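Me: I have just opened this entry and would like a short tour. Could you take me through it step by step?

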Amino acid sequence: MSVLAHACALVIKILMLPLLLAELLGLLRLYKRVFPALMYRFSLSYNSQMNEKKRELFRELLRFSPRDGPLRLLEVGCGSGANFQHYPSGCKITCTDPNPHFKDYLQKSMDTNDHLVYEDFVVVPGEDLRVVEDNSMDVVVCTLVLCSVKNTPKVIQEAKRVLRPGGAFFFLEHVVADPSTWLYFFQHVFQPFMYYFIDGCETTRATWKHLEAAGFSDLHLRHFQAPLFILVRPHIVGYGVK
C-alpha cells in the first residue's frame, strides 16, 4: 500500500480503539446475538442479486451424487441457510456454524425448503470439523465464510478431509481487488470497519491463493465482479475436486 493508504488506515484504527477495547473485554459477544438478524436480512438481498450465479454454481452439485444414494452435503458456516433453495431435492444436509444464534433463522430456511433432508446442525468453527468423519461427504459448501475464518488453509484442509475421494469443495467468496486499483486502496483503509461491524469480515484476503495451494486434483475457479457494495464487489466462484 502507499503511504497515504497506511496513514488513512492508521487513522481508522485509532477511531476503532473503543471497539478493540470492547472486544478484549468480551463486550462484543452481545453483538453476536444481533448479527444473525442482520445477516438474515442481508442474505435476502444478496440472494436476489446473486441468484443467477448461485444457480449456475450449484447446478454442478449433481455431478457429485453417488450412484447408490442421495447427495451428502456439508455446509460450513451455514448462517441462516441462504443456499438451501439451490440444493437438489433429497440431498442430506449437515450444517455447521460457530454462532449458535443463527439457529432460529436456520429453522425458518429449513421449514421453507422441505425438499431437503436435514441431518444435523453443529456449532463448531470451520477450522475444527472433528464431528464429521473422514471421507463422509460428497460435497462441502462454503459461501461468504472464508473472509472471516481465523485460518483459511485449515478450513480448506478440513473440508478436504471430510470429502470422499472425488468429492468437491464449492465456494463463492468476496476477495481483495487488484493492487493497481483504487478499490484495493479503499478496501485496506476501511478494513477495520468491516472487521468489527461484520463479525470479523476481511475485505483484503486473496483467498484464491489458498485454494490454488490446497492440492485439489482439479480446480475450477473464476474471478468476477458482483453487483454489490463496492468494497465486496470482487468475487471468486467455483469448486475444487479432492
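**The sheet and its surroundings**

Reply: Strand 1 (72-76) and strand 2 (92-96) run parallel and are joined by 5 bridges. Helices (H or I, at least four residues) and strands (E, at least two) are DSSP runs, numbered from the N terminus; two strands pair if DSSP finds at least two bridges between them. This is a predicted model, in which local features need pLDDT of at least 70 and side-chain atom pairs count only at pLDDT 80 or more, while totals for chains, interfaces and linings use all residues. Residues are numbered from 1 along each chain as its sequence is written, and side-chain values use heavy atoms, leaving out hydrogens and water.

Me: Which residue is the bridge partner of L73 in strand 2?

Reply: L73 has I93 as its bridge partner there.

Me: What is the strand order of the whole sheet?

Reply: The sheet is open, has 7 strands in the order 3-2-1-4-5-7-6, and its pairing is mixed. Strand 3 (117-122) and strand 6 (218-225) are at the edges with a single partner strand each, so one side of each has no neighbour in the sheet. On average, neighbouring strands of this sheet are turned by 15° against each other, direction ignored.

Me: How many bridges link strand 2 and strand 3?

Reply: These two strands pair in the parallel sense over 5 bridges. T96 has V122 in strand 3 as its bridge partner. Together with helix 4 (residues 103-112), strand 2 and strand 3 form a right-handed β-α-β unit; right-handed means that, with the strands pointing away from the viewer, the path from the first strand over the helix to the second runs clockwise.

Me: Is strand 2 mostly covered or mostly uncovered?

Reply: Strand 2 is mostly covered, with 4 of its 5 residues buried. Buried means under 20% relative accessible area, with a 1.4 Å probe and protein chains only.

Me: Changing topic, where is H86, and why does it count as buried?

Reply: H86 is in the loop between strand 1 and strand 2. Because its relative accessibility is 12%, H86 counts as buried. Leaving aside residues up to four places away in sequence, H86 touches N51, K54, R55, F58 and L61; contact means heavy atoms within 4.5 Å.

Me: And what covers the buried residues of helix 5?

Reply: The cover includes strand 1, strand 4 (137-143), strand 5 (163-174) and helix 8 (207-212). Among the buried residues of helix 5 (residues 152-162) are V155, I156 and A159.

Technical notes. Buried < 20%, exposed > 50% of the residue type's maximum accessible area, 1.4 Å probe, protein only. Axes fitted to C-alpha atoms, helices over the stretch in contact; angles between N-to-C directions.
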